[in-house]
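Subject: Handover of a structure

Dear colleague,

Please find below the structure that I am handing over to you. My notes on what was found in it follow directly after.

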Amino acid sequence: MPYLLVCIYVKNYTLYMQSASLHSRAQRAASIFQTLGITQTEIATSLGASQGQVSRILRGHNLRASRLFEEVCLLAERHSQGVTAEAVCQNSELIEALRETWDGTSIHARALATVIRSLSSLSSPVPSTLDRKE
């Protein structure tokens, strides 16, 4: 029975830490957007979401690791000082893609990095008001 209690405790602690991390990222994103004068409507338009969805994320209500949550946080980070290593590590879709494609060699790592960097020219257009804030 003590083993079961330890497992439950560890699981609950892990969930708590994940929730705290999500809340911290959402608060940081909200602060960045506020500092830069970027509105929730502008954010929503650039991401193809509703203003209400963006508001829920930035207020930290009922947070879960979703694609939109990632997009909102990454947009804030890009407008701040670029994407953080932590954000990259927390992006499970990106990490899984790397696991599936990278053969582990430094040559292949450089090739994948080149391909990823070349994709920056394909990023979706954002409203002109967001472009002026950078």
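Two residues are said to touch, or to be in contact, when they have heavy atoms within 4.5 Å of each other. The model is a predicted one, in which local features need pLDDT of at least 70 and side-chain atom pairs count only at pLDDT 80 or more, while totals for chains, interfaces and linings use all residues. Residues are numbered from 1 along each chain as its sequence is written, and side-chain values use heavy atoms, with hydrogens and water left out.

Overall picture

The protein has eight helices and zero strands, where helices (H or I, at least four residues) and strands (E, at least two) are DSSP runs numbered from the N terminus. Along the sequence this gives the pattern α-α-α-α-α-α-α-α. Among contacts in the protein with a separation of 6 or more, 57% join residues 24 or more positions apart. The accessible surface comes to about 9,300 Å², and carbon and sulfur atoms hold 58% of that surface; accessible areas come from the Shrake-Rupley method with a 1.4 Å probe, and for residues only the protein chains shown count as cover. Of the 134 residues, 23% count as buried. Buried stands for under 20% relative accessible area, exposed for over 50%, and partly exposed for the range in between (1.4 Å probe, protein chains only).

The nonpolar core

A nonpolar core is a set of buried Ala, Val, Leu, Ile, Met, Phe, Trp, Tyr and Cys residues joined through side-chain atoms within 4.5 Å. The largest such core has 18 residues, and Phe33, Ile43, Leu58 and Val72 have the most contacts inside it. Two or more residues each come from helix H1 (2–36), helix H2 (40–47), H3 and H4. H4 gives the most, with six residues. In soluble globular proteins, nonpolar side chains tend to be buried together.

Ile43 lies in helix H2 and is buried, with a relative accessible area of 0%. Leaving aside residues up to four places away in sequence, Ile43 touches Phe33, Ile38, Val54, Leu58, Val72 and Leu75. One of these, Val54, is eleven residues from Ile43 in sequence and 7.3 Å from it in space, C-alpha to C-alpha. H2 also contains other buried residues, including Glu42, Ala44, Ser46 and Leu47. After H2 comes Gly48, with a positive phi near 70°.

Leu58, with residues up to four places away in sequence again not counted, touches Ala26, Ala29, Ala30, Phe33, Gln40, Ile43 and Val72. Leu75 is found in helix H4 and is buried, at a relative accessible area of 2%. Leu75 and Ser46 are 29 residues apart along the chain, yet their C-alpha atoms are separated by 9.2 Å.

Packing of H3 and H4

Helix H3 (residues 51–59) packs against helix H4 (residues 67–79) at an angle of about 75°, with axes 10 Å apart. Axes are lines fitted to C-alpha atoms, for helices over the stretch in contact, and angles run from 0 to 180 degrees between N-to-C directions. H3 and H4 are therefore roughly perpendicular to each other, a term for angles of 65 to 115 degrees; those under 35 count as roughly parallel, those over 145 as roughly antiparallel, and the rest as oblique. H3 contributes Gln53, Val54, Ile57 and Leu58 to the contact, and H4 contributes Leu68, Phe69 and Val72. Six of these residues are nonpolar, one is polar and none is charged. Here Ala, Val, Leu, Ile, Met, Phe, Trp, Tyr, Cys and Pro count as nonpolar, Asp, Glu, Lys and Arg as charged, and the others, Gly among them, as polar.

Two serines

Ser66 is found in the loop between H3 and H4 and is buried, with a relative accessible area of 19%. Ser92, in helix H6 (residues 92–101), is exposed at 59%.

With kind regards
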